[in-house]
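Trainee: I would like to go through this model piece by piece. Please put it up, and I will ask as we go.

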Amino acid sequence: MKPPAVSVQQVQLQPLPLLFSMPSSSFPSRIVIDPTAGPTEQFAAEQLSAYLKKMLGLAIGVRRSRTAGAGTIHLRARHRDARPRVPIRVEDETYTIDVRSDRVRLSGGAPRSALYAVYAFLEEL
């Protein structure tokens, strides 16, 4: 039996100089995760907080909220299941890093890919 074809999309990663050009008044001051976020998203937020402290000397706390406005790093999984889906779907493995002048959004198709977004973001700093 022939394995199913997998579509791979190549994405051009660009450095994140915008993060460092933000005025200090709008630099992210907290990491926001959804109140229903599970242990993987919580771990991803804690990793982000810890490494921002180690790398940049920034103490950015984690809080749970349904809204994430200006001055935040919003971390979320677009899809949550109690157990990973089998077979794994491509959309579960994708993540997005969106840096704006007043906020950062890190999202993944599933909690694991939200963690991937955190690590990719940290690698670009």
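Trainee: Where is the place of Ala37 in the chain?

Mentor: The model is a predicted one. Strand β1 covers residues 30–33, and helix α2 covers residues 39–56. Ala37 sits in the loop between β1 and α2.

Trainee: Is Ala37 buried or exposed?

Mentor: Buried requires under 20% relative accessible area. Ala37 has 10% relative accessibility, so Ala37 counts as buried.

Trainee: Which residues does Ala37 touch, not counting those up to four places away in sequence?

Mentor: A contact needs heavy atoms within 4.5 Å. The C-alpha separation between Ala37 and Leu75, 38 residues apart along the chain, is 9.6 Å. With residues up to four places away in sequence set aside, Ala37 touches Arg64 and Arg80.

Trainee: What is the axis relation between α2 and α3, parallel or antiparallel?

Mentor: The axes of α2 (residues 39–56) and α3 (residues 111–124) come within 8 Å and cross at roughly 10 degrees. Angles under 35 degrees count as roughly parallel. That makes the relation of α2 to α3 roughly parallel.

Trainee: How many nonpolar residues does the contact of α2 with α3 have?

Mentor: On the α2 side, the residues include Phe43, Leu48 and Met55, and on the α3 side they include Leu115, Val118 and Phe121. Glu41 in α2 and Arg112 in α3 are also among the residues that meet. By class, the contact has 2 polar and 2 charged residues, and the nonpolar ones number 12.

Trainee: Which residue does the side chain of Arg112 meet in a salt bridge?

Mentor: The count for the model is 4 salt bridges. In one of them, with an N to O distance of 2.4 Å, the side chain of Arg112 meets that of Glu93.

Trainee: In the salt bridge of Arg100 and Asp98, is Asp98 buried or exposed?

Mentor: The side chains of Arg100 and Asp98 meet at 2.9 Å, N to O. Arg100 is partly exposed, with a relative accessible area of 46%. Asp98 has 19% relative accessibility, and the cut-off for buried is under 20%. Asp98 therefore counts as buried.

Trainee: Which residues is Ala70 in contact with, leaving aside neighbours within four places in sequence?

Mentor: Ala70 is in the loop between β2 (61–64) and β3, and is partly exposed at 46% relative accessible area. Asp102 and Arg103 form a salt bridge of 3.0 Å, N to O, and both are on the contact list of Ala70. With those neighbours left aside, the contacts of Ala70 are Arg30, Asp102 and Arg103.

Trainee: What pattern does the protein chain follow along the sequence?

Mentor: The chain has 3 helices and 5 strands. Read along the sequence, the pattern is α-β-α-β-β-β-β-α.

Trainee: What percentage of the 125 residues is buried?

Mentor: The accessible surface of the chain comes to about 8000 Å², and 55% of that belongs to carbon and sulfur atoms. Of the 125 residues, the buried share is 38%.

Technical notes. Residues numbered from 1 in each chain as written. Predicted model: local features only at pLDDT ≥ 70, side-chain atom pairs only at ≥ 80, totals over all residues. Heavy atoms only, no water. Axes fitted to C-alpha atoms, helices over the stretch in contact; angles between N-to-C directions. Helix = DSSP H or I, 4+ residues; strand = E, 2+ residues; numbered from the N terminus. Parallel < 35°, antiparallel > 145°, perpendicular 65-115°, else oblique. Nonpolar A, V, L, I, M, F, W, Y, C, P; charged D, E, K, R; others polar. Buried < 20%, exposed > 50% of the residue type's maximum accessible area, 1.4 Å probe, protein only. Areas by Shrake-Rupley, 256 points an atom, 1.4 Å probe, with all protein chains shown as cover.
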